[in-house]
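Good morning, everyone. Please have a look at the chain on the screen, and we will walk through it together.

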Amino acid sequence: MPEKKDFIIKDKRMFSEEGQDHQEEERAAKEEERAESSEEEAQAPDSEDAAASGEDAESFQLPEINFATFIFSLNSSVLAHLGIIDDPASGKKVKNLALAKQTIDILGMLEEKTRGNLTEDEESMLKNILYDLRMIYVKEKG
């Protein structure tokens, strides 16, 4: 009796049944692989590169991580997806209204789930950012 051979089924449709972009998932996986290989290369630099990168790392400080910086990060993401600001990865303005809507919905969920747990400033900031992003989205969608 012949042996059964395993086979792989690969979905080559552009979008899944849920409407998700398969190509976007593949691009994200490839970029993750590139990032991992870049990290491996960065972990073993020569002595000259190590001295130079050490100086750069000390002079460059990331902002403090708090609720406000998290919300501003999501705000920037939506603005990039709406084509208002340049996409940091490509340096070009690219419109992706589906991703913009999803991130706006995430901000809306955060507003709902954090209700009563935010300071007045945080609550006001989130409310105003959501209002502005929703208005821009409606304008871009229209």
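How many salt bridges does a search of the whole structure find? It finds two. A salt bridge here is a side-chain nitrogen of Lys or Arg within 4 Å of a carboxyl oxygen of Asp or Glu. Keep in mind that this is a predicted model, where local features need pLDDT of at least 70, side-chain atom pairs count only at pLDDT 80 or more, and totals for chains, interfaces and linings use all residues. Residues are numbered from 1 along each chain as its sequence is written, and side-chain values use heavy atoms, with hydrogens and water left out.

Take the pair E140 and K95. Their side chains meet in a salt bridge at 2.4 Å, N to O. E140 sits in helix α5 and K95 in the loop between α3 and α4, so this pair ties together parts that are 45 residues apart in sequence. A word on helices: helices (H or I, at least four residues) and strands (E, at least two) are DSSP runs, numbered from the N terminus. Now accessibility. Buried means under 20% relative accessible area, exposed means over 50%, and partly exposed is in between, using a 1.4 Å probe and protein chains only. E140 has 23% relative accessibility, so it counts as partly exposed. K95 has 51%, so K95 counts as exposed.

On to the pair D105 and K101. These side chains meet in a salt bridge at 2.9 Å, N to O. Both residues are in helix α4, four residues apart, which means about one helical turn separates them. D105 is partly exposed at 42% relative accessibility. K101 is partly exposed too, with a relative accessible area of 38%.

Stay in helix α4, where we also find T103. Is T103 buried or exposed? It is buried, at 9% relative accessibility. Contact means heavy atoms within 4.5 Å. Not counting residues up to four places away in sequence, T103 touches L74, S77, V78 and H81. T103 and H81 are 22 residues apart along the chain, and their C-alpha atoms are separated by 9.1 Å.

H81 turns up again with V94. V94 lies in the loop between α3 and α4. It is partly exposed, at 39% relative accessibility. Leaving aside neighbours within four places in sequence, V94 is in contact with A80, H81 and G83.

Next, helix packing. Two packed helices are described by the angle between their axes and the distance between the axes. Axes are lines fitted to C-alpha atoms, for helices over the stretch in contact, and angles run from 0 to 180 degrees between N-to-C directions. Look at α3, residues 67-81, and α5, residues 120-141. Their axes come within 11 Å and cross at roughly 5°. That makes α3 roughly parallel to α5. For the cut-offs, angles under 35 degrees count as roughly parallel, over 145 as roughly antiparallel, 65 to 115 as roughly perpendicular, and the rest as oblique. Which residues make the contact? From α3 come F67, A68, I71, F72, N75, V78 and L79, and from α5 come E122, M125, L126, I129, L133 and I136. The residues of this contact of α3 with α5 divide into 11 nonpolar, one polar and one charged. Here Ala, Val, Leu, Ile, Met, Phe, Trp, Tyr, Cys and Pro count as nonpolar, Asp, Glu, Lys and Arg as charged, and the others, Gly among them, as polar.

Now step back. The protein has five helices and zero strands. Buried residues make up 18% of its 142 residues.

Last, confidence. pLDDT is the predictor's confidence in each residue, from 0 to 100. The mean for the protein is 79, and 60% of its residues reach 70 or more. Which element has the lowest mean pLDDT, and which the highest? Helix α2, residues 47-59, has the lowest at 53, and helix α4, residues 97-113, has the highest at 97. Over residues 44-52, pLDDT stays under 50, and the model has one contact beyond four places in sequence for them. Where pLDDT is low, the predicted coordinates should not be read in detail.
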